[in-house]
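Please keep the sequence and the three-dimensional view at hand while going through the numbered paragraphs.

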Amino acid sequence: MFEHLRSYRIPSLNLEAQEYRHAGTGARHLHLCANDDNNAFLLAFRTVPEDSTGVAHILEHTVLCGSERFPLRDPFFLMTRRSLNTFMNAFTGSDWTAYVFASQNHKDFDNLLQVYLDAVFFPHLSALDFAQEGHRLELAVPGDPDSTLVYKGVVYNEMRGALSSPGARLWHALAAELYPTTTYHHNSGGDPEEIPKLTVESLREFHRRYYHPSNACFGTYGDFDPREHQAKFEEWALRRFEARPVDGAIGDERRYTSPRRITLPYALSDTEDTEDRTHIVLGWVLGRTQDLRSVLEMQLLCGVLLNNSAAPLHHALETTALGAAPSELCGLDTGHREAVFVCGLEGSNPERAEEVEGLCMGVIREVAEQGIDQELVDSVLHQMELDQREVSGGSYPYGLRLLSSAIPMAMHGGDPIGVLDLDAVIDDLRASARDPGFVPGLARRWLLDNPHRVRVVMTPDAGLNARQAQATRERLAEVRAALRDSDLERITAESTSLAARQGSPEDADVLPRVGIADVPSDIRVPSSRDSEIAGLPVTWFDRGTNGIVYLALCVEVPALAPPDLERLRLYASCLCEVGCGERDYREAQARQAAVSGGVGAQCSVRAGVDDLQSAGLLFRLSANCLARNQAALAQLLAETFSRARFDERDRLRDLVAQMRAGHESSVTDHGHALAMAAASAGIGPAAALYQRWDGLPALQALKALDEGLRDEARLSELGASLAALHERVQSAPRRLLVVSEGRYHEDIAGAVTAIARLGPTYISTGGKAPSSIPPAPLTVQRVHEAWLTSTETSFCARAYSTVPVGHPDAAPLSVLGRFLQNGYLHRAIREQGGAYGSGAGYDGDTGAFRFYSYRDPRLGETLDDFDASLSWLVEHRHAPEQLEEAILGIIGALDRPSSPAGEAIKTFVSALNGRTPELRRRLRQRVLEVGVEDLRRVAARYLLPERASTAVVTDRQTLGRYRTLGLEARSIS
């Protein structure tokens, strides 16, 4: 069993860390004992690839495709339907692989635990599962022996899509050059050119080598007893193993004696201009990441150089004429055994490479020789302290975030508990940093005098995709020419066997499950109280926030003309990045960093709860801070809202250029969301405005604006329009949200008078969304379009106008999406079609029902699968368990917890948008009451062919193969 090694209380996180070691195998177990019922599990193995075939990544997929106790085709995805989990996933890092989940239900936690343990320690690893998840050869025309060959496989297509992103391609090229001799030289996810070289025998050997308890770290978090966990680890896995050595050590990288420089291409659409599209970055390998003090020193140096516009290197990169914006890779990566620091530019040109390198090195040299402002150093240390304390949440549970920080430290030979308790180390670092020569010394040691430096210049190439596709065809033609008749028969037989396996029904009863009886009777809604301070309505939440205070000023946006509506998102993006009062923008950024965790502005749009042709807009200015800074934070928020200035023209030009660069680089990472937004745009005002704010038209508008701002008159006009819009927002009704521990409320009440003085205006929280703001109601408009970009995979979407969230049919529509995904789409689009992801669902913010696919090698066939899923719904009989699984999935999503502060903010903002706790409870109860006939009824009523809108994000060559679809081609450029 497990030997207790130590327990350590971490007051700043309000938890106790307990460390154990398994006597029989040496497996390690870190338990974080916390008063939190969202219990989390993580099991990690050090995995050290020796090539870029993606063996670690494909193994991560394939172990989840059936195991000794659960001999099913897909127990992982089946369990997502039979669970109340708050998170389930697995992921492959550069040198470790992890399997994670979280649940608030004890029975559910144990159900997931036994399936995960059996999957990773006793998987089938069948050749057919390897072919489905990894790669395989198939005839392009099934059954035709004269047909050409094609590559298929989920991971193969996933990585084709992933490496369509310029940022991903740049990072892998940089890492390969920075790490010439260690495992980080290779792409652990897999290079599509190398993936076909992997064999199932090599996959099995990799599993035998690394997936052993002697190479494992178990991590648990929450209020369950760790001894219960350990008894189950023993029963379900560890008792069958003995200790053995695992050869997975990673040494220090062999250092260069002089810097290296490389140039490589990346694919760009042939409709886009290649000028100002080059990426130029510098990267250094620094020190070992298992030494906490060294890691914090690196973080301090990185923060001083790059944290915000007050940092000298960030300022130089965002204001230089050598490029459009700082590279998305800028920063420190401590995920490897030895850390990497990166800086550079995107939106440049190859002939500027020497100047960019000179710019970066010049700033670093200036810091090393002349020192740095102590206030900047103190602000970075303040940010490190705040980051250490904050209880984050969102889609990735807090417990898993802590475990994901601790376990890699253990993997690399460091202290997994120490990395969670940084207060003493930060205090020691703060004392050292008072020496004016300390940070300059770090700049000299880690960067200026470090010859292990690489410069990567990545240039756009409009013909690269076509050449790569041709090279793949030629490779496949060579393979085809060498095949004997018996080989073709084998390929055909494997394809037939795989299709039969994918289409065969499975008896999922072998898997454990929870049911409707295990669903909590009610949602948890944090309580609040309301007050007024100098006429300003204030809502207070008493939540466990580890000594952090959250303030948010919420504004009901008034009726605006269409140009102002479209510019509202730009205004929100600029508001906290410009000067304030007497401070210019760099001084304003420095002030934010000194007293807060950052100030942010967001605007959101949601359809009315009873009418899709109305929409409510909310603007939110929010920030957080350590409790000792709450007075300064209130003053900062008041000044930002009342005294922001938009007269720094060069700053506005730089901000627009950075936004454009960010949007351009994210298209292939978020292609499914962009396709869904495009397909939904004609449904109503909320969907239309979302498309203009965050969809592909927004990128087009940013490009036009960026190019137009070369004209000083246009630049002045932009500043004036933002200032005028700011005045409109300032005059609108508002109220304040405060989230903190209750013991701070009295002090905060005194501090927020600075905000109250801005004016006693109100927003109602009585359950009705803010007033309709579009200039005129929109009629439903269908779209049928293809947005063209540079990508090796496609993203498909289809949308239908349905009902507002307050309508009784919102519940069956919600369940319908999960029902179609579970019963049809996953099999058809992912397993058989090879896409990385797919789904369907009802969106209550816009009233749209949407289908989508993600990193999809197909296009027309996927659109057909969307339609076929509706036929399947009508024509087949469905077991009660299928309905229950779909309902459980929706209930799990509705009940999924956020952080303590996040739950309070969600409750407050949802109520302002009309999504009151009462409406949420009503929707939840309706979901529990949905029947199969309800699903058929709403599908027949709303999901009609004549109501469908279709949008895809793809490349020109793929669209050419599907011209019979009649999609209107639209260029993103």
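**Notes on the model**

1. Helix α8 has a cap at its N-terminal end: a side-chain oxygen of D225 lies 2.9 Å from the backbone nitrogen of R227. This is a polar contact, that is, a pair of N or O atoms within 3.5 Å; within protein, one atom must be able to donate a hydrogen and the other to accept it, and residues adjacent in sequence count only if both atoms are side-chain atoms. Helices (H or I, at least four residues) and strands (E, at least two) are DSSP runs, numbered from the N terminus.

2. The model is predicted, with local features needing pLDDT of at least 70 and side-chain atom pairs counting only at pLDDT 80 or more, while totals for chains, interfaces and linings use all residues. Residues are numbered from 1 along each chain as its sequence is written, and side-chain values use heavy atoms, with hydrogens and water left out.

3. Two packed helices are described by the angle between their axes and the distance between the axes. For helix α3 (residues 106–121) and helix α8 (residues 226–236), the axes come within 10 Å and cross at roughly 35 degrees. Axes here are lines fitted to C-alpha atoms, for helices over the stretch in contact, and angles run from 0 to 180 degrees between N-to-C directions. The crossing of α3 and α8 is right-handed; this term applies if the near helix is turned clockwise from the far one by less than a right angle, and left-handed applies if anticlockwise.

4. Which residues of α3 and α8 meet? From α3 they are H106, F109, D110, L113, Q114 and L117, and from α8 they are E228, H229, K232, F233 and W236. Sorted by class, this contact of α3 with α8 has five nonpolar, three polar and three charged residues. Ala, Val, Leu, Ile, Met, Phe, Trp, Tyr, Cys and Pro count as nonpolar, Asp, Glu, Lys and Arg as charged, and the others, Gly among them, as polar. Contact means heavy atoms within 4.5 Å.

5. The buried residues of α8 include P226, H229, Q230, K232, F233, E234 and W236. Buried means under 20% relative accessible area, exposed over 50%, and partly exposed in between (1.4 Å probe, protein chains only). Among the elements that cover these residues of α8 are β1 (2–10), β2 (15–22), β3 (28–34), β4 (39–46), α3 and β9 (216–222).

6. One of these covering strands, β4, contains A44. A44 is buried, with a relative accessible area of 0%. Leaving aside neighbours within four places in sequence, A44 is in contact with W96, T97, A98, N215, A216, C217, I407 and M411. The C-alpha atoms of A44 and S404 are separated by 9.4 Å, although these residues are 360 residues apart along the chain.

7. L488, in helix α17 (residues 485–503), is also buried, at a relative accessible area of 11%. L488 and P145 are 343 residues apart in sequence, and their C-alpha atoms are 7.0 Å apart in space. Not counting residues up to four places away in sequence, L488 touches L139, P145, R480 and L483.

8. Are they buried or exposed? L125, in the loop between α3 and α4 (127–133), is buried at 4% relative accessibility. A534, in the loop between β16 (529–533) and β17 (536–542), is exposed, with a relative accessible area of 58%.

9. A disulfide is a covalent bond between the sulfur atoms of two cysteines. The criterion used is a pair of cysteine sulfur atoms within 2.5 Å, and a search of the whole structure finds zero disulfides. For C343, the nearest cysteine sulfur is that of C360, 3.8 Å away. C343 is buried, at 0% relative accessibility. For C576, the nearest cysteine sulfur is that of C580, 9.4 Å away, and C576 is buried at 4% relative accessible area.

10. Helix α33 (residues 932–942) has V932, L935, R936, V938, A939 and Y942 as its buried residues. These pack against β23 (795–801), α28 (810–832), α29 (860–875) and α30 (880–895).
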